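Subject: The structure we talked about

Hi,

Here is the structure I said I would pass on.

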Amino acid sequence: MPMKRRRHFWGDPDRGPAARRPLGPGPLQVLRRANRSMELGQHSQAAILFERIAYGARDLGMTRRAPPLFFQGARAHLLAGNSEAGAEMLWQGLKLLANEERWDQLERAGARIVDELERIGEAALAEEVSEWVEKALAEQGFARREIEPAGQKEIIRGRLPINCGNCGVVLRLDEVEWIDSSSAVCTYCGSIIRTDT
Ligand SMILES: [Zn+2]
């Protein structure tokens with residue numbers, strides 16, 4: 001059954017004010033604890049905290065913040081050995097990206113997730129995710145052509161600090177949204193990060 005395309009009278013939901021809003025002080029505090037737990041290797045604890053803020057962000061329509069929080073929660077669950085809970089969060093994040101029609105993000109996140117799943121020995125789940133993402137993208141042939149080829153947006157970017165100064169997450173180059181060469185948005189908490197150039 002073809003997915004019914006959603007219509008939003010205010011335009012692209014991704015650009016709505018709620019979507020890009022930074023996390024409020026309550027969830028931010030939880031996120032800081034989650035990131036800290038993750039760094040300390042307390043994966044079960046981190047998973048519970050990520051789960052709380054991921055579902056919270058989703059329910060508040062914060063569609064930019066929620067998927068990375070789901071993915072980080074999935075990572076925590078899987079590292080803690082909770083395969084089923086990890087898979088559930090993974091699907092929540094992936095389906096949210098598809099519902100929001102963020103195909104470029106889905107492609108990038110999908111590739112990274114499949115890679116990571118293979119590395120931690122979750123081959124069956126990796127295969128399942130890979131097939132699902134491929135199918136979702138194939139069904140959107142028109143959208144896929146709009147995806148910028150890798151490298152097209154290459155600009156000289158400054159160096160990111162190791163952690164986000166606001167939420168403490170370890171920053172990864174492919175997980176921030178660049179504004180210009182010297183500033184990026186933390187995908188987890190929504191704060192602006194300046195590079196050291
Ligand atoms: Zn942050």
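Below is what I found, going from the whole chain down to single residues.

Two things before you start. This is a predicted model: local features need pLDDT of at least 70, side-chain atom pairs count only at pLDDT 80 or more, and totals for chains, interfaces and linings use all residues. Residues are numbered from 1 along each chain as its sequence is written.

**The overall picture**

The protein has 8 helices and 3 strands. (Helices, H or I with at least four residues, and strands, E with at least two, are DSSP runs numbered from the N terminus.) Follow the sequence and you get the pattern α-α-α-α-α-α-α-α-β-β-β. Of the 197 residues, 31% count as buried. Buried here means that 20 or more other C-beta atoms lie within 10 Å of the residue's own; 12 or fewer is exposed, anything in between is partly exposed, and the C-beta atoms are placed from the backbone. As for contacts between residues at least 6 apart in sequence, 52% join residues at least 24 apart. (Two residues are in contact if their C-beta atoms, placed from the backbone, lie within 7 Å.)

**Helices 3 and 4**

Axes are lines fitted to C-alpha atoms, for helices over the stretch in contact, and angles run from 0 to 180 degrees between N-to-C directions; angles over 145 degrees count as roughly antiparallel, under 35 as roughly parallel, 65 to 115 as roughly perpendicular and the rest as oblique. Residues making the contact include Phe50 and Ile53 of helix 3, and Leu69, Phe70 and Gln72 of helix 4. By class, the residues of this contact split into 11 nonpolar, 4 polar and 2 charged. (Ala, Val, Leu, Ile, Met, Phe, Trp, Tyr, Cys and Pro count as nonpolar, Asp, Glu, Lys and Arg as charged, and the others, Gly among them, as polar.)

Is Gln72 buried or exposed? Gln72 is buried, because 26 other C-beta atoms lie within 10 Å.

**Helices 5 and 6**

Helix 5 and helix 6 pack at about 160°, with their axes 9 Å apart, so helix 5 is roughly antiparallel to helix 6. The contact is made by Leu90, Leu94, Leu97 and Ala98 of helix 5 with Gln105, Leu106, Ala109, Gly110 and Ile113 of helix 6. That gives 7 nonpolar, 2 polar and no charged residues.

The loop between helix 5 (83-99) and helix 6 (103-119) holds Glu101. Glu101 has a phi near 60°, a positive value in a residue other than glycine. Glu101 counts as partly exposed, because it has 16 C-beta neighbours inside 10 Å.

The strands form an open sheet of 3, in the order 1-2-3 with antiparallel pairing. (Two strands pair if DSSP finds at least two bridges between them.) Strand 1 (176-180) and strand 3 (192-194) are the edge strands, each pairing on one side only. From one strand to the next, the twist averages 35°. Strand 2 (residues 183-186) pairs with strand 3 over 3 bridges, and Val185 has Ile192 of strand 3 as its bridge partner.

Cheers
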